[in-house]
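Please give me a short briefing on this chain.

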Amino acid sequence: MAGLYDKLISYGKTDACPFHMPGHKRDGETFCFENPFSFDITEIDGFDNLHHPEGILKEAMEQAAFIYGSEKSYFLVNGSSGGILAAISACVRPGGEILMARNCHKSAYHALFLRGLRPEYLCPPAISDWGMCGGVSAEDVEKTLSEHPHGEAVFLTSPTYEGICSDIQKISRIAHSHGVPLIVDSAHGAHLPFRKKSGGSMFPVPALEAGADIVIESLHKTLPSLTQTAILHKRSDMIKEQDLEWYLQVYQSSSPSYVLMASIDSCISYMGSEDGRKAMTKYESSLEGLRRAFKEFSHIRLLSELESGIGEAYYDPSKLIIRGGSMSGPELYELLRREYRIQPEMCTETYVILMTSVADSEKAFERLKNALMEIDKKMAADGGWPSRKKAALYPRPQVVLTPAEAEGKRVRTCRKEASEGLISGEFAYIYPPGVPVLAPGERITGEVLEVISSYSENGFKILGLEDSGGGTIRVLE
């Protein structure tokens with residue numbers, strides 16, 4: 001049996017076309033490293049210390065802050081997750097209250113556990129035709145802050161996994177008027193600060209520029225950087241720098257990878273250079289051309305800013321969210337992967353996510369366009385394919401206990417069919433994107449069970465549940 005290394009080498013030699021993260025798209029010629037063993041070191045003389053930077057790492061992070069326009073920027077070597085944990089911990093006291101978008105990544109829920117926080121959820125409206133969440137409304141933030149004056153921070157995701165952005169500029173003003181900071185998980189928005197600055201850009205304004213106090217971005221998702229690389233930006237005097245830096249030490253490895261830190265530095269330097277700006281301009285032009293091509297299709301449908309619930313200024317078009325007429329998401333996903341050797345990022349019951357980046361070549365875009373054109377013609381010739389039921393939407397949670405309060409309580413295993421009305425002792429979500437339909441301490445409703453059943457019927461493994469098939473749920477006794 002081949003080991004992981006051998007299997008990776010073998011896969012790297014195939015013609016599989018990556019429309020998924022990481023954003024370097026396996027381009028080892030443009031974004032190359034020498035033999036990583038030759039410079040995989042520890043904190044030896046001359047190479048500084050990430051947690052007490054005084055030399056080369058301090059200079060690299062200062063350069064990153066200059067390029068991004070932040071007060072201070074911090075390299076993250078365990079993805080955005082560590083940055084999210086550190087940001088929430090620095091802004092909200094143990095046992096405190098936080099206003100949090102329900103469609104946040106699971107790392108934000110881990111922060112609730114670790115800090116014993118009480119969440120007040122901001123529930124984004126549904127884009128019902130697609131079975132996904134829209135953007136958090138500024139009006140909802142205002143209302144919730146007014147009703148919960150003890151909230152210590154607002155936390156939301158923008159862009160979402162599907163590219164939906166909230167009005168960060170308006171929300172930041174509301175948060176600041178209530179005296180609380182705005183933390184934005186912009187893990188999928190690392191490319192936005194490098195959009196064209198003149199002549200108009202197709203990309204929305206990045207969260208940091210729009211007024212957020214802390215922004216966390218995953219470089220590896222949408223930029224040419226190695227997996228696990230991310231960055232945290234601070235631009236506010238509402239957060240104590242000393243607290244933030246302490247929690248970054250708590251949640252990150254004490255032996256950070258110099259290979260990953262070098263990738264962060266190289267990525268940001270490239271994107272901030274003339275070569276990076278030219279590449280970004282070319283990328284925007286190619287992406288515009290590809291998106292225009294979808295207008296020619298009769299069955300393949302592309303999510304756009306024209307959908308109900310998405311404003312034109314608040315959608316990231318780098319994400320290609322597609323549906324195959326009446327075809328299910330898993331069917332379209334497998335068709336692209338098996339017949340056309342195009343690897344999407346992921347799928348849900350109804351749609352497929354294709355991630356693009358500045359590293360995608362014209363050849364890759366052309367290959368995707370031709371594949372979709374061929375699928376569209378086949379569907380037209382076959383009169384469409386069997387209809388599928390619409391995806392169940394995320395229900396509004398019924399919180400009985402916070403996740404921290406539910407932790408450690410006695411649980412028992414219950415058949416899913418008999419669990420309605422009981423209190424969950426575990427999470428339920430599909431990953432990616434890791435947005436929970438159910439969290440510990442929440443009442444199990446018929447709507448929740450409908451979503452879990454929909455996941456199971458479409459062949460998704462349900463993470464968080466001990467029974468990933470979704471047949472049983474652990475409930476509080």
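Which residues is leucine 156 in contact with, leaving aside its neighbours within four places in sequence? They are Ala101, Cys104, Val136, Ile168, Ile171, Leu182, Ile183, Val184 and Asp185. Contact here means heavy atoms within 4.5 Å.

This is a predicted model: local features need pLDDT of at least 70, side-chain atom pairs count only at pLDDT 80 or more, and totals for chains, interfaces and linings use all residues. Residues are numbered from 1 along each chain as its sequence is written, and side-chain values use heavy atoms, with hydrogens and water left out.

**Overall build**

- The chain holds 14 helices and 17 strands. Both are DSSP runs numbered from the N terminus: helices are H or I with at least four residues, strands are E with at least two.
- The radius of gyration is 22 Å, close to the 23 Å that the globule rule gives for 477 residues, so the chain is as compact as a globular protein of that length. The radius is taken over C-alpha atoms, and the rule is 2.2 Å times the number of residues to the power 0.38.
- Along its principal axes, the C-alpha trace spans about 60 × 55 × 55 Å.
- Of contacts between residues at least 6 apart in sequence, 72% join residues at least 24 apart.

**Surface and charge**

- Of the 477 residues, 55% count as buried. Buried means under 20% relative accessible area, exposed means over 50%, and partly exposed lies in between (1.4 Å probe, protein chains only).
- The accessible surface comes to about 20900 Å². Carbon and sulfur atoms account for 50% of that surface. The areas come from the Shrake-Rupley method with a 1.4 Å probe, and for residues only the protein chains shown count as cover.
- The chain carries 50 positive and 64 negative charges, and their mean positions are 4 Å apart. Lys and Arg count as positive, Asp and Glu as negative; His and the chain ends are not counted. Each charge is placed at NZ of Lys, CZ of Arg, CG of Asp or CD of Glu.

**Nonpolar cores**

- The largest nonpolar core has 126 residues. Phe75, Val154 and Ile322 touch the most other members. Such a core is a set of buried Ala, Val, Leu, Ile, Met, Phe, Trp, Tyr and Cys residues joined through side-chain atoms within 4.5 Å.
- Another core, of 13 residues, lies apart from the largest one. Among its members are Met21, Ile127, Tyr161 and Tyr351.
- Beyond four places in sequence, phenylalanine 75 is in contact with residues including Leu50, Ala60, Met61, Ala64, Ala230 and Ile231. Gln252, Met261, Ile264, Asp265 and Ile268 are also in contact with phenylalanine 75.

- Leucine 156 lies in strand β7. At 0% relative accessibility, leucine 156 counts as buried.
- Leucine 156 and serine 186 are 30 residues apart in sequence and 8.7 Å apart in space, C-alpha to C-alpha.
- Glutamate 139 lies in helix α5, residues 138-147. At 51% relative accessibility, glutamate 139 counts as exposed.

**Loop between β1 and α2**

- Isoleucine 41 sits in the loop between β1 (17-19) and α2 (56-68). Its relative accessibility is 27%, so isoleucine 41 counts as partly exposed.
- Outside four places in sequence, isoleucine 41 touches Phe47 and Tyr258. The C-alpha atoms of isoleucine 41 and valine 259 are separated by 8.2 Å, although the two are 218 residues apart along the chain.
- Proline 22 lies in the loop between β1 and α2. The peptide bond from methionine 21 to proline 22 is cis, with omega near 5°.
- Arginine 26 is found in the loop between β1 and α2. Its phi is positive, about 60°, although arginine 26 is not a glycine. At 34% relative accessibility, arginine 26 counts as partly exposed.

**Other loops**

- Proline 159 is in the loop between β7 (151-157) and α6 (168-177). The peptide bond from serine 158 to proline 159 is cis, with omega near 0°.
- Glutamine 228 lies in the loop between α7 (219-222) and β10 (230-234). Its phi is near 95°, a positive value in a residue other than glycine.
- At 40% relative accessibility, glutamine 228 counts as partly exposed. Its contacts beyond four places in sequence are Leu76, Val77, Asn78, Gly79, His220 and Leu260.
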